[in-house]
Amino acid sequence: MAVPKRRVSPARQGMRRSHHAVKPKQIAYCSHCEQPVITHRICSNCGYYGGKEVIKAKEGE
Ligand SMILES: [Zn+2]
């Protein structure tokens, strides 16, 4: 089993974890229905992505 050669100091541990923060999700507005959508995803409201309909939006559910 691999064993660490020396203990990581609290300062170095903090340096490593400085990249671990979670950023808030980026929000854009759908060009078709103006609903807030996650960028680079198909709109969950109307099924549009990149100016055309990609999937059929759910109706009456
Ligand atoms: Zn939409």
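Where does Cys 43 lie? Select Cys 43: this residue sits in the loop between β2 and β3, where strands are DSSP runs (E, at least two residues) numbered from the N terminus. This is a predicted model, in which local features need pLDDT of at least 70, side-chain atom pairs count only at pLDDT 80 or more, and totals for chains, interfaces and linings use all residues. Residues are numbered from 1 along each chain as its sequence is written, and side-chain values use heavy atoms, with hydrogens and water left out.

Stay on Cys 43. Its relative accessible area is 3%, so it is buried; buried means under 20%, exposed over 50% and partly exposed in between, with a 1.4 Å probe and protein chains only. Leaving aside neighbours within four places in sequence, Cys 43 is in contact (heavy atoms within 4.5 Å) with Cys 30, Cys 33, Val 37 and Tyr 48.

Next, select the zinc ion. Its ligands are the SG atoms of Cys 30, Cys 33, Cys 43 and Cys 46, at 2.2 to 2.3 Å. Donors are N, O and S atoms within 2.8 Å of the metal (3.2 Å for Na, K and Ca); water is not among the atoms, so sites may look incomplete. The donor residues follow the spacing C-x2-C-x9-C-x2-C. The four donor atoms subtend angles of 106 to 115 degrees, so the arrangement is tetrahedral, a term that requires all angles of four donors to lie between 85 and 135 degrees. The ideal angle for four tetrahedral donors is 109.5 degrees.

Now show the largest pocket, which holds about 170 Å³ of space. Of its 14 lining residues, the closest to the centre are Cys 30, Val 37, Arg 41, Tyr 49 and Gly 50. A pocket is an open set of points on a 1 Å grid over the protein atoms alone where a 1.4 Å probe fits, with protein on both sides within 12 Å along at least five of seven lines; lining residues have an atom within 4 Å of a point. Grid points are joined across faces, edges and corners, and the volume is the space filled by probe spheres set on them.

Finally, select Glu 34, in the loop between β1 and β2, and His 40, in the loop between β2 and β3. Glu 34 has a positive phi, near 65 degrees, and is exposed at 60% relative accessibility. His 40 also has phi near 65 degrees and is exposed at 63%.

Note on methods:
Four donors count as tetrahedral if all angles lie between 85 and 135 degrees; four count as square planar and six as octahedral if opposite donors are over 155 degrees apart and all others between 65 and 115; anything else is irregular. Helices (H or I, at least four residues) and strands (E, at least two) are DSSP runs, numbered from the N terminus.
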